[in-house]
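Subject: Structure handover

Hi,

Here is the structure for you to look over. My notes follow below it.

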Amino acid sequence: VFPSLAQAQASVANEVYQELGQPSIFLFCPTEYCSSLCSPSPSQSCYLQTIGQELLPGIAVIWTGPKVVSQELSAELLEEVEAVLRRRPVIWDNLYANDYDCRRVFLGPYMGRAPGLMSRLHGLLLNPNCELQANFIPIHTLGTWFGSEQGSCAHPERAGTEGALGDSQGAQDGSYSPQEALELALRDWLAEINQQALEPGK
């Protein structure tokens, strides 16, 4: 019926989207959802070019970055993806995901994401550790990063500049320090642990 997989997927997605009344949030995960799955590259992928052309503009497209689990996200890559998809991507961030190896738990701060990225995103989803309690630091530091991104949007002249480690201004002035974010998260996590320890029956 369809000349390509991309056209088939776009057609089905468009029909479901319209049948649901074009909801404000409708996510589409492409078969090529990271650079390493694209042939030969995101900008030259016939599949992504078709998705960008055929998918209705109200449908958001999910992207994980250079790889399925991406250590870094750059503005340059997001610009390339936005151009081929004809819309800003929703980042599906697998930085902390451990469902592929549950022997490991990821407890470090949210990092490796260039400052000023929020203006290039339609949204961001964090795929957490499978263990609920282990996600305090990831989610807390993501919140600190997001606060700093809001500061960057309020002060566009500061976007694209890294804050120095230990800069006490942190999220207030639009910079982000992973080390400072980690220290804030640990302090709040310890307070929560201590509070739980004082509850009756603990």
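A salt bridge here means a side-chain nitrogen of Lys or Arg within 4 Å of a carboxyl oxygen of Asp or Glu. The model is predicted, so local features need pLDDT of at least 70 and side-chain atom pairs count only at pLDDT 80 or more, while totals for chains, interfaces and linings use all residues. Residues are numbered from 1 along each chain as its sequence is written, and side-chain values use heavy atoms, with hydrogens and water left out.

Salt bridges

The count comes to four salt bridges. Asp-101 pairs with Arg-103, with the closest N and O atoms 3.0 Å apart. Asp-101 also meets Arg-104, at 3.3 Å from N to O.

Asp-101 is buried, at 16%. Arg-103 is exposed, at 77%. Arg-104 is partly exposed, at 38%.

Another salt bridge joins Arg-120 and Glu-79, at 3.2 Å from N to O. Arg-120 sits in the loop between S3 and S4, and Glu-79 in helix H3 (residues 75-85), so this pair ties together parts that are 41 residues apart in sequence. Helices (H or I, at least four residues) and strands (E, at least two) are DSSP runs, numbered from the N terminus. Arg-120 is partly exposed, with 24% relative accessibility. Glu-79 is partly exposed too, with 41%.

Aromatic pairs

Rings of Phe, Tyr and Trp (its six-membered ring) pair if their centres lie within 6.5 Å; planes under 30 degrees apart are stacked, over 60 edge-to-face, and the rest tilted. That rule gives four aromatic pairs. One of them is Tyr-33 with Trp-92, a tilted pair at 5.4 Å centre to centre and 35 degrees between the planes. The pair links distant parts of the chain, 59 residues apart. Tyr-33 is in the loop between strand S1 (27-28) and helix H2 (46-54), and Trp-92 is in strand S3 (residues 90-93). Trp-92 is partly exposed, at 27% relative accessibility.

Tyr-110 and Trp-145 form an edge-to-face pair, 5.3 Å centre to centre with 65 degrees between the planes. This pair also links distant parts of the chain, 35 residues apart. Tyr-110 lies in the loop between S3 and strand S4 (123-126), and Trp-145 in helix H4 (residues 136-154). Tyr-110 and Trp-145 are both buried.

Helix H5

What span should the 21 residues of helix H5 (residues 178-198) have? The expected span is 1.5 Å times one less than the number of residues. That gives 30 Å for H5, and its end C-alpha atoms are 30 Å apart, which agrees. Buried residues in H5 include Pro-178, Leu-182 and Trp-189.

Surface patch

Val-12, Val-16 and Leu-20 make a nonpolar surface patch of about 260 Å². Patch residues have over 30% relative accessible area and no salt bridge; like charges are joined within 9 Å, and nonpolar side chains (Val, Leu, Ile, Met, Phe, Trp, Tyr) within 5 Å. Areas come from the Shrake-Rupley method with a 1.4 Å probe, and for residues only the protein chains shown count as cover. Val-16 is in helix H1 (residues 5-19). Val-16 is partly exposed, at 37%.

Best wishes

Key: Buried < 20%, exposed > 50% of the residue type's maximum accessible area, 1.4 Å probe, protein only.
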